[in-house]
Amino acid sequence: MGTSTERVRERLHRAERPVVLTGAGISAESGVPTFRGNDGLWRNHRAEELATPEAFRRDPKLVWEFYDWRRRLLSEVRPNRAHYALVRIEEEKRHFSIITQNVDGLHSLAGSRDVVELHGNIWRIRCTGCGREEEDRNVPLKEIPPRCGCGGLLRPGVVWFGEMLPAGAINRAYELVEATDFMLVIGTSGVVQPAASFATMAKQRSAFVAEINPERTPISPFMDEVINGKAGDMLPQIV
Ligand code: BJW
Ligand code: ZN
């Protein structure tokens, strides 16, 4: 009975170890472009084509200009109602974690504490020579492409296609997926692995799984409930 929103709210209320998996769609209402939406173009390049080790090898300056542009954009945006609704869940639950594919840091900025960043963080920079990694919040960067003190080329501390996810993050994510009784998937197109398979894994282990997205996705058919709408409108109704 009731609407899908009411059913998800009821399930969340009863859940002991809820987990939320987020994608670019949760930041869309903050003004951050998604990857595969109409806004996922930068100077006629598709974002997905720039987020690869091959693109970086071919043209590190171009790839860094893209990241420099995104860093500037992110330095000017704020978390939205959806990010803040997740902070409220964490305040009420004994166990609650967010697994995010986003590199924008907006969950932490909103105040969420248990955030697993699967694809890294755009404010971290790593040396391709000596491996040194550090936070860098300079906008714009002083030099493009930036270089390390050792002379090596620096790269964004994010995960590109074909690269391994950070071991700590992926291990923690699998632990959470195996233990959860409720998973809510918000704003992801559900095509990038391994994150795209988390909901089906959780469901196989008898968790209740639900999705919030204005569009249907390849993982929608596996959901117990699909909430068709924007995260910033729907999440505050659930929390
Ligand atoms: C709203 C909304 C609103 C809009 N409210 N919603 C198995 C089979 C085939 C291939 C593979 C496989 N396993 C691994 C692979 C390869 C690859 C992969 O998955 N490829 C597929 C595309 C086929 N995966 C990898 O390479 C991963 N590594 C890996 O698996 O290592 C092991 C391995 C290595 C080698 C071989 C095999 C295995 C790494 C993936 C790294 C992804 N990196 C990026 C870039 C990060 C850095 C950066 O930000 O620049 O991560 S790509 C990009 O996609 C980014 C995102 O995190 C990720 C997912 O995108 P997301 O978040 O879903 O965004 P969109 O734009 O796609 O969707 C937005 C959604 O929001 C839409 O649905 C909208 O409707 C919705 N929305 N407004 C709610 N207001
Ligand atoms: Zn170095």
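Of the 239 residues of the protein, 54% count as buried. The structure is a predicted model, and every value below was computed from it. The chain forms 10 helices and 11 strands. Its radius of gyration is 18 Å, close to the 18 Å that the globule rule gives for 239 residues, so the protein is as compact as a globular protein of that length. The C-alpha trace spans about 60 × 30 × 30 Å along its principal axes. Among contacts with a separation of 6 or more, 67% come from residues 24 or more positions apart. The protein exposes about 11800 Å², and carbon and sulfur atoms supply 47% of that area.

The zinc ion (ligand 2) is coordinated by the SG atoms of Cys127, Cys130, Cys148 and Cys150, at 2.3 to 2.4 Å. The angles among the 4 donor atoms run from 101 to 117°, and the site is tetrahedral. The assignment holds because four donors count as tetrahedral if all angles lie between 85 and 135 degrees. Along the sequence, the donor residues follow the spacing C-x2-C-x17-C-x1-C. Cys130 and Cys150 link distant parts of the chain, 20 residues apart. Cys130 sits in the loop between strand 6 (120-127) and strand 7 (133-135), whereas Cys150 sits in the loop between strand 7 and strand 8 (154-158). With a relative accessibility of 45%, Cys130 counts as partly exposed. Cys150, at 48%, also counts as partly exposed.

The loop between strand 7 and strand 8 also holds Arg137, Pro140 and Pro145. The relative accessibility of Arg137 is 52%, so this residue counts as exposed. Leaving aside residues up to four places away in sequence, Arg137 touches Arg71 and Trp123. The C-alpha atoms of Arg137 and Ile125 are 9.5 Å apart in space, and the two residues are 12 residues apart in sequence. The bond joining Val139 and Pro140 is cis, with omega about -10°. The bond from Ile144 to Pro145 is cis as well, with omega near -5°.

The structure holds 6 aromatic pairs. In one of them, the rings of Trp42 and Phe66 have their centres 5.5 Å apart and their planes at 50°, so the pair is tilted. Trp42 belongs to strand 2 (residues 41-42) and Phe66 to helix 5 (residues 60-75), so this pair ties together parts that are 24 residues apart in sequence. Trp42 and Phe66 are both buried. In the pair of Tyr174 and Phe198, the ring centres lie 5.6 Å apart and the planes stand at 70°, so the pair is edge-to-face. Tyr174 is part of helix 8 (residues 167-179) and Phe198 is part of helix 9 (residues 198-204), so the pair ties together parts that are 24 residues apart in sequence. Tyr174 has a relative accessibility of 28% and counts as partly exposed, whereas Phe198, at 0%, counts as buried. One aromatic cluster is formed by Trp42, Phe56, Phe66, Tyr67 and Trp160.

Helix 8 also contains Val177. At 0% relative accessibility, Val177 counts as buried. Residues up to four places away in sequence aside, Val177 touches Ile99, Met183, Phe198, Met201, Ala202 and Arg205. The C-alpha atoms of Val177 and Arg17 are separated by 9.7 Å, although the two residues lie 160 residues apart along the chain.

Positive phi values occur at Asn44 and Ser206. Asn44, a residue other than glycine, has phi near 70° and lies in the loop between strand 2 and strand 3 (45-46). Its relative accessibility of 73% means that Asn44 counts as exposed. Ser206, likewise a residue other than glycine, has phi near 75°. Ser206 is placed in the loop between helix 9 and strand 10 (208-212), and at 66% relative accessibility Ser206 counts as exposed.

Terms used
Residues numbered from 1 in each chain as written. Chains lettered and ligands numbered in written order. Predicted model: local features only at pLDDT ≥ 70, side-chain atom pairs only at ≥ 80, totals over all residues. Heavy atoms only, no water. Donors = N, O, S within 2.8 Å, 3.2 Å for Na, K, Ca; no water. Tetrahedral: all angles 85-135°; square planar, octahedral: opposite > 155°, others 65-115°. Helix = DSSP H or I, 4+ residues; strand = E, 2+ residues; numbered from the N terminus. Buried < 20%, exposed > 50% of the residue type's maximum accessible area, 1.4 Å probe, protein only. Rg over C-alpha atoms; globule rule 2.2 N^0.38 Å. Contact = heavy atoms within 4.5 Å. Areas by Shrake-Rupley, 256 points an atom, 1.4 Å probe, with all protein chains shown as cover. Phe/Tyr/Trp six-rings, centres within 6.5 Å; stacked < 30°, edge-to-face > 60°.
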